[in-house]
Each structure stands twice: as structure tokens, then as C-alpha cells.
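Here's a quick tour of a protein model, meant for someone who's just getting started. Have the structure open and follow along, one topic at a time.

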Amino acid sequence: MTVSAWLELDKRVYGRGEVLQGRVTLITKKAMEVDCEVRWVDVYGRLVDRFRFREKLPNNRYIGFSFELKKALTVKNRLECEVYSVSGETLFKTQQVFIVTPDPEPWDDYVVLIWNPGRTREYLEKIKALGINAGLVHAPPPGPPPEPTPYLENLLDTNLRFYLAQLAPRWLAFYHQTGRRGEEWQPLRDAYKATRDKRLLVRKNCLNDPVVAMAYRARVQDIVRCYMPYGPLWYDISDEAGIGDLVGPFDFCFCPHCLNKMRDWLRKVYGSIEALNEEWGTSFKSWDEVVPMTTEEVRRRGDYNLAPWADHRTFMEITFAEAFRVCRDWVREVDPTRPVGLTGGQMPSAYGGYDWWRLTRFLDFIEAYNIGNSREVIRSFGGKRIVHVITLFDVGDEAKWMLWHHLLHGDRGVILWDYDDGVGKRYVVEPSLEINPKGLEMKETFLELRGGIAKLLSLAEFEDDLIAIHYSQSSIHAHWMLETEDVDIADRSNFDERARSEFVRLRESLLKLLEDLGLQYRFVSYEEVENGELTKRRYRVFIMPRSIALSHKEVERIRGYVESGGVVIADGLVGLMDGHCKRLDRGLLDDLFGVSRSSVELKPRKSRPGVEVKSVYGGFKPERRRFEVPVLEQGLSENGSHALCEDADGVKALFVKKHGEGLAIYLNLDLADYCLHRLREGGGRDHREIFRMVLEAVGVRPEIWVLNTEGGEVYGCEVFRWRNKAALYVGLLKNPSLVFSDMGPELVKSSERVFRRETRVRLRLPRWFHVYDIRERKYLGYVDVLETTVPAYEPRLLALTPYRVVDITLYVKNRVRPGESVPVRASLVREPENFNDTVFRMEVYDPEGRLVEYYSGNHKAVGGVLETEIPLALNDPEGLWKVKLRDVESGVEREAVFKVENSK
């Protein structure tokens with residue numbers, strides 16, 4: 001070797017707007033003249049920039065150079081230094097890798113991630129062909145100082161973004177992590193069942209132990225420092241977390257840390273030990289004596305004063321949410337630029353810690369399983385502030401439906417599970433690396449979701465019908481205890497929590513009732529009710545599904561809401577307990593609803609279906625004389641209200657009472673099984689007619705009427721509305737109920753017959769609109785009534801606008817040299833003129849007609865105007881390139897060409 005080179009960079013990690021500073025030192029003892037070239041090359045093989053010089057050697061100096069990094073398209077890049085003789089012979093080569101951290105941009109587009117860690121670069125290249133554009137990296141387990149894993153290099157080499165998974169799973173998901181191996185969780189529950197020894201009710205890795213917390217803080221922050229240069233999409237604190245194993249019931253935690261902290265909390269809640277004893281029915285002499293009750297202890301009292309148990313549940317939910325908050329804060333201390341959250345979120349429940357109102361206040365990102373309507377709850381509380389994705393466990397038509405269903409609820413991505421027995425199956429089969437034909441069927445859907453629709457919806461706000469649904473965590477506590485009185489807590493499983501809960505079934509039924517009537521809603525939490533949110537947002541209706549436990553402040557605010565003109569609708573069992581789940585002698589809102597009770601029954605007996613209409617009241621004029629819906633509570637009578645119905649035993653139902661400027665409606669009807677009735681052809685019609693009558697009587701009607709072609713009822717098709725200033729985006733999607741595992745094969749088959757078929761519908765719009773089919777890219781006319789179809793598994797997605805898109809003016813510089821940036825400017829021409837924001841899908845094709853994905857993408861066009869550029873590389877091919885631009889809202893397209901050639 002006659003010459004060598006020493007390549008130095010001022011640092012290894014840069015931001016995209018920074019300038020890389022470097023220098024080259026040429027080393028030789030021989031007198032010679034050489035040429036040297038330093039090239040910036042990214043993982044796509046693009047020659048982004050270069051620096052050349054000629055030097056006489058030997059010398060005693062270094063040569064400095066710099067590159068502006070604004071044209072960086074990949075995270076991983078390299079500098080190649082090559083030394084030549086003057087005749088062109090290569091004398092020496094060296095290179096260095098540098099990182100350009102992605103900008104922390106708003107997450108307003110769709111990402112398709114795959115959960116399949118540890119795969120080869122060849123595997124990752126294959127999945128990219130399916131439209132998958134991200135993966136994951138597992139945070140390293142406790143041990144030596146963390147270092148980037150080899151798998152990260154594979155992701156970087158294919159320019160796949162990633163999320164950093166499981167920063168602290170052994171803290172927040174200890175019993176799930178160990179329980180999957182048969183350790184800790186079930187042996188502990190078995191031991192407790194045998195002994196009832198409260199010393200077993202101590203959670204390992206206690207969430208209130210400051211020593212444990214500080215150890216995790218150090219580890220979490222070390223991991224974040226290690227991976228933050230690579231720009232994770234988000235930091236995942238834990239997957240499938242829970243106080244125990246997910247939401248499996250167990251009376252954690254009775255350790256000294258939890259008891260001491262709970263006592264401090266109880267002091268703030270009750271103010272005095274006397275007030276706590278009054279509420280709990282206890283006789284503690286000092287705060288140091290206070291210990292909550294277990295499930296068995298509070299059941300043995302037999303008086304349905306659940307407060308000593310329910311307060312413990314509330315405190316543990318506060319503890320769980322606080323643990324996520326401190327983890328988020330630890331991450332933000334190191335990297336405040338990326339979302340922080342959880343994956344594998346569970347259903348709202350009495351155990352596990354999942355009070356979603358508390359959790360959504362502390363998280364930027366959530367991937368939750370849609371169990372117990374958790375997705376609707378999170379949408380209501382987090383809105384667009386929280387990035388939400390789902391995990392998809394299958395392929396095929398049902399999987400496609402799931403993706404569209406969640407997109408229309410605001411999702412911005414999906415995690416594809418492809419990791420059974422350590423071998424990828426669904427998308428790319430290992431070890432052959434052949435694409436699974438079933439996985440290939442998903443490609444079109446993935447690409448469409450990434451093609452601008454998600455970004456368009458990100459410009460808009462989810463529109464509801466000002467219907468509020470009460471989210472009462474205290475009622476979740478109470479109903480759990482009432483439903484499981486005869487079940488040993490140690491025998492109750494995660495499966496039971498989601499499949500055997502009547503309260504979960506009721507929530508599903510209520511939501512499906514509203515959706516089947518073409519309406520949208522929002523959950524309002526107990527704390528929002530206390531803060532006057534019902535009146536502030538001017539909700540038209542407040543629905544209380546068996547809101548059995550109410551705080552006195554909630555009661556006060558609900559009264560004020562009704563007096564000021566609001567409408568409250570309850571099915572039954574409302575306010576029979578206070579906010580701490582202590583049984584009362586009468587319902588807290590009985591006078592508001594105008595009902596009297598012969599006794600307070602927390603667990604009403606099941607009634608025969610069927611109520612007769614006995615009278616009408618104001619706008620409440622039933623079209624039928626009988627409804628096959630069972631009453632809920634016995635022993636209710638009118639006390640200032642008017643009861644419209646009664647059953648064969650004379651039990652009254654559908655109480656209506658004027659109160660101030662508003663109205664209170666007490667249905668006294670059991671709605672819990674509607675979600676099962678609707679799975680049969682025409683099933684649940686009586687439930688829908690009752691709700692339609694009640695809502696129309698108070699002026700609540702759908703914005704978009706979905707009818708059959710004869711003008712009759714169509715149910716089972718959810719209507720989504722997203723408002724983008726002057727434009728309204730309407731999604732129509734088939735809407736089967738959640739599949740309860742105990743519903744049986746007959747109902748499953750019936751559901752498929754009812755929902756999995758294309759349906760022709762007539763839409764009655766609120767006024768005349770220009771209507772575009774967004775997915776079909778068609779203009780459907782200026783109409784107020786539209787006939788269309790709703791496919792079996794995919795949505796009909798429409799844009800309703802007061803303008804028509806006539807054209808796109810598109811300018812692209814027509815001649816450029818390799819390495820130059822190509823300016824692109826475009827604007828929409830609308831009649832009448834309008835400056836609504838929209839999204840352009842830009843696709844760039846090289847001279848061979850191949851789509852260049854890294855130059856293509858979705859762009860927000862503020863006011864319908866786009867200004868961007870294409871950062872060509874020095875080694876991009878010469879010839880005629882094409883730019884294809886499409887307005888995602890209307891489907892209107894335009895093309896332009898530009899020529900790349902070296903100037904002579």
C-alpha cells in the first residue's frame with residue numbers, strides 16, 4: 001500500500017438540518033500526486049453529495065469538507081473515501097457510518113409495522129414489498145449498559161422505522177411476563193385460595209416502592225439514550241401491563257409502601273378518620289390502623305357497603321396510571337421529541353388498573369385491544385392528541401375490515417403479528433422467504449391505507465351527535481362485585497372478565513344501538529361530569545348505562561345539566577350507591593327521574609320480555625303497542641313522572657319527567673342483550689324503535705340517514721363523520737358486534753349472514769353537496785340524496801363538499817441536473833373558490849417507469865396549495881421523469897414531466 005487515508009467526522013449523529021463537518025488526512029512517505037473523493041451515500045445507494053480534491057504528497061495537513069444534511073432521506077448513511085492515482089487507479093478505500101436522526105414530525109399518516117423481531121435484512125426487504133414500512137426493536141433486558149442490537153442494523157439497512165418496545169415490562173407487567181411461563185401468577189393465586197393469607201397480597205416489583213422505581217428510572221433512561229439517535233416512532237413503556245396478570249382479579253397490593261401511600265390519599269379524600277369510618281362502616285382509631293378490605297372480607301359483611309374494597313381499587317388505578325406517568329416523564333427527560341405510551345392495553349375493568357380516563361391523561365401513544373369498547377373510550381378521552389394503532393393477528397377479509405374500522409375511528413397505524421413459534425407465517429414464510437399468498441392479499445389494503453386517506457382524516461375532527469355516555473369507573477367496580485358474588489376471586493380469569501361480564505355486554509349493546517340508528521357519541525368520564533363538561537359542551541343527551549355508583553358532585557352537576565335544558569336517559573339501577581360504592585337507602589337521582597322504590601334491589605331478577613304501551617307523553621308517541629324488551633327493576637312507581645309502559649306483572653317502564661328546562665327519562669328496560677339480538681336477521685328491532693322514539697322526541701336525529709332503496713330501516717352499518725372545515729368526510733362500514741366467545745356457533749353464522757354481504761342503500765344528506773367517492777376516485781354529482789352500496793368488508797368513503805374540484809395547476813421545473821432539487825408547486829382550482837386544506841398524493845416515476853417510493857408520499861396542502869421539492873441524487877438516472885399528483889379528497893389527478901440531464 002503506497003497511500004492510506006484517515007477519515008474523521010466531527011460527530012456520529014446529526015439532525016437533518018445540520019451540517020456535517022469532516023476532514024481527510026492522506027498518509028504516505030512517497031512523493032506523489034493523488035485524487036481523492038469523499039462520497040455521501042445512503043442505504044438506498046443514492047449518491048447524495050461528494051467532495052473531490054487533488055493533493056501533492058507527502059504533506060502535513062488535513063483537508064476539510066462539509067455536507068448540508070437537509071437532503072437526507074435515510075437514518076443510516078455512510079461516507080466513502082477513495083484515493084486514486086492521477087491515472088484513475090484506486091489506491092485506498094475507507095468509510096464511516098453516520099446517523100441522521102429523523103425529524104420529530106407530527107404523526108399524521110399511516111404506518112404499517114411488523115412484530116417479528118430478529119429477522120434478517122433479506123426478510124425485511126421482502127416485507128417492504130407488501131407495503132410494510134416499519135418494525136420494532138426490543139429494549140434490552142436488565143444487565144450490562146445497553147447497546148444497539150444487530151437487528152437494529154438490519155432495520156437501518158432497509159430504512160425501516162421502528163418503535164422501541166418494552167422499556168419496563170418487568171415493572172408494569174411483571175405477572176404477565178412471568179405468568180406466560182407458568183411462574184408467579186397462578187402459583188400465587190393457588191396459595192392464596194388455599195390459605196387466604198393476606199401476606200400473599202403483596203405485588204412483586206411494587207409500583208409504589210421508591211427503590212424499585214429509581215432502579216427502573218436509571219435503566220429506562222440508559223436505553224432511551226442508546227436508541228434516541230435512531231428516531232424511534234415511539235417509546236413503549238410496557239406491553240400487556242397490569243397490576244396483576246392483565247385484568248385478572250387479585251387484591252393487590254397490601255405492602256407497606258402501598259398502605260402508607262393509600263392512607264395519605266384517604267386523608268385527602270375524607271379529611272378525618274371519623275368521616276372514613278362513617279363511610280366504610282369501620283372503627284379505626286388512627287390513620288395508621290387503616291387497612292382496606294379484600295373481596296372476601298367485604299362480601300362477608302353482607303351489607304353491600306363496598307367502600308373499603310372499592311377505594312382500594314381506585315387507589316391502585318391511580319397507582320397504575322401514576323407509574324405510567326413517571327415512566328413517560330423519565331423518557332421525556334432524555335428525549336422529549338417522541339410519543340411515549342403502552343401496547344397491549346386491556347379493557348376497562350375493576351382489576352388490572354385500566355381506568356382509561358386516568359391513563360389517557362398521561363400517554364401520547366396507545367395500542368389497546370378493542371375489548372369492552374376500549375377503543376371508543378380512548379377515542380373519546382384522547383381524541384387526536386393520542387396516537388392510536390391496533391395489532392392485527394390475522395389476514396383475510398375480517399382483517400381488512402378491522403383495519404378500516406379502526407382507521408375510521410382515528411387510528412394511524414397497525415402492528416402486524418407474525419410471530420408464531422418463532423417463525424413468520426402470515427406474510428413472509430421462513431426460512432424460504434417466500435411471500436405467503438394470503439399475506440399478499442393484504443398488500444392492496446396496506447398501500448391504500450398509506451396512500452393519503454389517513455392523512456386526509458388527520459386534517460379533520462371526528463364528529464359526534466352531542467350524545468354523551470357516562471364512563472363511571474366506580475360503577476365498573478360495583479358491577480364486578482355484584483356479578484361475581486358466587487365466584488371465588490382466585491377462580492376468575494382474564495377470559496371471564498371479557499366474556500362473562502354483563503356490564504361489558506351492556507356497554508356493547510348501547511353503543512351498537514346508537515350506531516344502528518346512525519348516531520355517534522362520546523364517553524364522558526366521572527371527573528368530566530364533576531367538572532361540568534355536560535353543560536360546557538352543551539351535550540343534547542347524557543346516557544347513564546346502569547350508572548349505579550355516583551359521587552355527590554356528579555349528582556349535583558347532572559341536576560344542573562338537566563335544569564339548564566339537558567336530557568338525561570338512564571336504563572336503570574342509577575345512583576343506588578355513592579361514589580365509593582356504598583349502598584344507599586334510595587337512588588341519588590330518584591327525584592330527578594320521578595320514581596319511587598318499594599325497596600333498593602342491586603341485583604334485580606330477570607323478567608319476561610315484553611312491555612305494553614299504556615299512554616303517550618308529549619313527543620313520546622310509540623308507533624307500536626308492545627315492545628319485546630324486558631323490564632330491569634321491580635317495585636318502581638311514578639313520583640312526579642309519567643310512565644308510558646308496563647309489563648304483564650304491572651311493573652312500570654319508560655318514565656318521563658320534566659325537570660327545569662330539561663327532561664329526565666328512566667327507561668327501566670334491560671338492554672344488555674341487544675348486541676346478541678341484532679346478530680339475527682331483523683333482530684333487536686324493538687330496542688331500536690324504543691331508542692329512536694326517545695331520541696327523536698328530544699330532537700336527536702342522525703345527520704346522515706341510511707335507508708334501504710324503499711326508504712325503510714337499515715341497521716348494522718356504522719356511519720362515521722369527520723369534519724374538515726367546509727368538507728365532511730362520511731364513512732359507511734358494516735358493523736357486526738364484538739364476538740363474545742360464549743355466543744355460540746349459531747349466532748356466529750347468523751352474524752355472518754346479516755353483516756357480511758353487500759347492501760344497497762339510499763343516503764339522505766342534510767343538504768345539497770358535491771359528493772366524491774374517495775376510494776373510487778369518482779365525482780358522484782351535486783345531490784342531497786345518493787344511492788350507493790356498502791361492501792361486506794370495506795367502507796364506502798365519501799367527501800361531501802360545497803365546492804367542486806375542477807382542476808389542479810401543477811408546476812414542475814422541466815430541466816434539472818442530477819443532484820439538484822426539483823421544485824414542485826400545485827394548487828387546486830375549485831368552484832366556487834374555497835381554501836379548505838387537503839392532501840395531495842405525489843408519486844414520482846423514473847425514466848424506466850418505476851415508482852420511486854422514497855421520492856413519493858402524501859403532502860398536506862394548506863388552503864389547497866402545495867410547495868415541495870424532489871431531492872435528486874447525483875447518481876439518479878438521466879432521462880424523462882414523471883410526477884403524478886392526486887387530490888385525495890376528490891380524486892382529481894394531474895401529471896407533469898421533467899428531464900434529468902448533465903449540462904454540457
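Asn159 sits in the loop between helix H2 (150–157) and strand S11 (161–165); helices here are DSSP runs of H or I with at least four residues, strands are E runs of at least two, and both are numbered from the N terminus. This is a predicted model, where local features need pLDDT of at least 70, side-chain atom pairs count only at pLDDT 80 or more, and totals for chains, interfaces and linings use all residues. Residues are numbered from 1 along each chain as its sequence is written, and side-chain values use heavy atoms, with hydrogens and water left out.

- Asn159 isn't a glycine, yet its phi is positive, near 50 degrees.
- Asn159 counts as buried, because its relative accessibility is 17% (buried means under 20% relative accessible area, exposed over 50%, and partly exposed in between, with a 1.4 Å probe and protein chains only).
- Leu466 also has a positive phi, of about 55 degrees, without being a glycine.
- You'll find Leu466 in the loop between strand S19 (461–462) and strand S20 (467–471), and with a relative accessible area of 25% it is partly exposed.
- Why point these out? Because most residues other than glycine have a negative phi, and most peptide bonds are trans.
- Speaking of peptide bonds, the one from Leu57 to Pro58 is cis, with omega near -5 degrees.
- Pro58 belongs to the loop between strand S5 (47–57) and strand S6 (63–68).
- Another cis peptide bond runs from Glu430 to Pro431, with omega near 5 degrees.
- Look for Pro431 in the loop between strand S17 (428–429) and strand S18 (434–435).

**How helix H10 packs**

- Helix H6 (residues 210–227) and helix H10 (residues 307–334) pack at an angle of about 40 degrees, and their axes are 9 Å apart.
- Axes are lines fitted to C-alpha atoms, for helices over the stretch in contact, and the angles run from 0 to 180 degrees between N-to-C directions.
- H6 and H10 are therefore oblique to each other (under 35 degrees is roughly parallel, over 145 roughly antiparallel, 65 to 115 roughly perpendicular, and the rest oblique).
- H6 and H10 cross in a right-handed way (right-handed if the near helix is turned clockwise from the far one by less than a right angle, left-handed if anticlockwise).
- On the H6 side, the residues in contact are Ala213, Met214, Tyr216, Arg217, Val220, Gln221, Val224 and Arg225, and on the H10 side they are Trp330, Val331, Glu333 and Val334 (contact means heavy atoms within 4.5 Å).
- Sorted by class, the contact of H6 with H10 has eight nonpolar, one polar and three charged residues (Ala, Val, Leu, Ile, Met, Phe, Trp, Tyr, Cys and Pro are nonpolar, Asp, Glu, Lys and Arg are charged, and the others, Gly among them, are polar).
- H10 also meets helix H16 (residues 473–483): their axes come within 10 Å and cross at roughly 130 degrees.
- So H10 is oblique to H16 as well, and this crossing is right-handed too.
- Here H10 brings Trp309, Ala310, Arg313, Thr314 and Glu317, while H16 brings Gln473, His477, Trp480 and Met481.
- The classes in the contact of H10 with H16 are four nonpolar, three polar and two charged residues.

**Cysteines**

- How many disulfides are there? The count comes to zero, with a disulfide taken as a pair of cysteine sulfur atoms within 2.5 Å.
- For Cys81, the closest cysteine sulfur is in Cys36, 3.7 Å away, so that's too far for a bond.
- Cys81 is buried, at 1% relative accessibility.
- Cys226 is in no disulfide either, and its nearest cysteine sulfur, that of Cys327, is 18 Å away.
- Cys226 counts as buried too, at 14% relative accessibility.

**Neighbours from elsewhere in the chain**

- Arg39 is part of strand S4 (residues 32–42) and is buried, with a relative accessible area of 13%.
- Arg39 and Arg78 are 39 residues apart in sequence, and their C-alpha atoms are 8.1 Å apart in space.
- Leaving out residues up to four places away in sequence, Arg39 touches several others, including Asp49, Arg78, Glu80 and Glu82.
- Pro871 is in strand S44 (residues 865–871) and is buried, with a relative accessible area of 10%.
- Pro871 and Ser821 are 50 residues apart along the chain, with 4.3 Å between their C-alpha atoms.
- Again leaving out residues up to four places away in sequence, Pro871 touches Arg46, Lys71, Leu73, Glu820, Ser821 and Tyr855.
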